Amino acid sequence: MFTFLSGSPCLDLTTTLQVRHQTSPRELLAAPGDVTRWLEQAGLGAGISVDSEGLRRTIALREVVNRLCRGTGLAEDRAALNAAAAHPPLIPRWTGDTVEFRGDLQQALSTLARDAITLLADRKTGRIRECDHPDCSRLFLDSSRSGRRRWCGMSSCGTKAKSADYRRRNSDRARRTAT
């Protein structure tokens with residue numbers, strides 16, 4: 001249900017509202033249990049309890065991060081991000097093979113807010129991109145050497161866009177040849 005292609009947990013959170021630029025975006029965090037599942041699948045803690053207020057706070061943080069990463073955030077967004085980050089973060093626990101995180105929703109939101117602050121403060125905002133596919137509004141961190149990545153992922157949007165471009169070019173070529 002959730003995909004994690006963005007290169008940063010806070011950017012992955014922003015993609016829980018899909019196709020933002022269309023008139024009917026698709027909300028993936030429709031119920032408190034969706035936040036619990038997203039946190040678990042993101043590797044930020046299993047079984048974190050979320051109520052309707054927690055759902056509201058998660059969506060509010062998501063929108064703050066989205067605006068700030070797109071460069072449209074205001075001073076109050078920065079203040080809200082700093083306030084969320086002011087709480088203790090999730091507690092990491094090394095199992096020998098992996099890292100597990102433990103804590104509550106407030107700690108998970110603090111961890112996500114801190115991730116956003118690090119991303120924004122490290123001047124990586126110039127590497128935050130929106131997918132070029134017309135049916136995708138996913139933000140992602142462009143970690144390519146050239147800094148010219150266009151799609152959130154080749155296996156999804158990149159392949160679709162290249163296939164559509166190929167079909168369009170061949171259709172244009174066939175039309176020119178027929179005339």
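Student: Let's start with D34: why does D34 count as buried?

Tutor: Buried is a matter of relative accessible area, with the cut-off at under 20%. This is a predicted model, and in it D34 counts as buried because its relative accessibility is 8%.

Student: Which element does D34 lie in, and which residues does D34 touch, leaving aside those up to four places away in sequence?

Tutor: D34 lies in helix α2. With those sequence neighbours left out, D34 touches M1, F2, L28 and L29.

Student: How should I read the nonpolar core?

Tutor: The general idea goes like this: in soluble globular proteins, nonpolar side chains tend to be buried together. Here, the largest nonpolar core has 33 residues, and the members that touch the most others are L11, W38, L39, L61, C69, L81 and L112. At least two residues of this core come from each of α1, α2, α3, α4 (75–85), α5 and β6 (139–141). The biggest contribution is from α5, with eight residues. There's also a second, separate core of five residues, including C131, C136, F140 and C157.

Student: Which residues does L61 touch, not counting those up to four places away in sequence?

Tutor: L61 touches L81, A84, L109, L112 and A113 on that count.

Student: Are C10 and C136 buried or exposed?

Tutor: C10 is buried, because its relative accessible area is 1%. C136 counts as buried too, at 10% relative accessibility.

Student: Last one: how do strands β3 and β4 run, and how many bridges join them?

Tutor: As background, side chains in a regular strand alternate between the two faces of the sheet. In this model, β3 (residues 91–94) and β4 (residues 99–102) run antiparallel and are joined by four bridges. Take P92 as a case: its bridge partner in β4 is F101. The two strands form a hairpin with four residues between them, and G96 in the turn has a positive phi of about 105°.

How values were computed
Residues are numbered from 1 along each chain as its sequence is written. This is a predicted model: local features need pLDDT of at least 70, side-chain atom pairs count only at pLDDT 80 or more; totals for chains, interfaces and linings use all residues. Side-chain values use heavy atoms; hydrogens and water are left out. Buried means under 20% relative accessible area, exposed over 50%, partly exposed in between (1.4 Å probe, protein chains only). Contact means heavy atoms within 4.5 Å. Two strands pair if DSSP finds at least two bridges between them. A nonpolar core is a set of buried Ala, Val, Leu, Ile, Met, Phe, Trp, Tyr and Cys residues joined through side-chain atoms within 4.5 Å.
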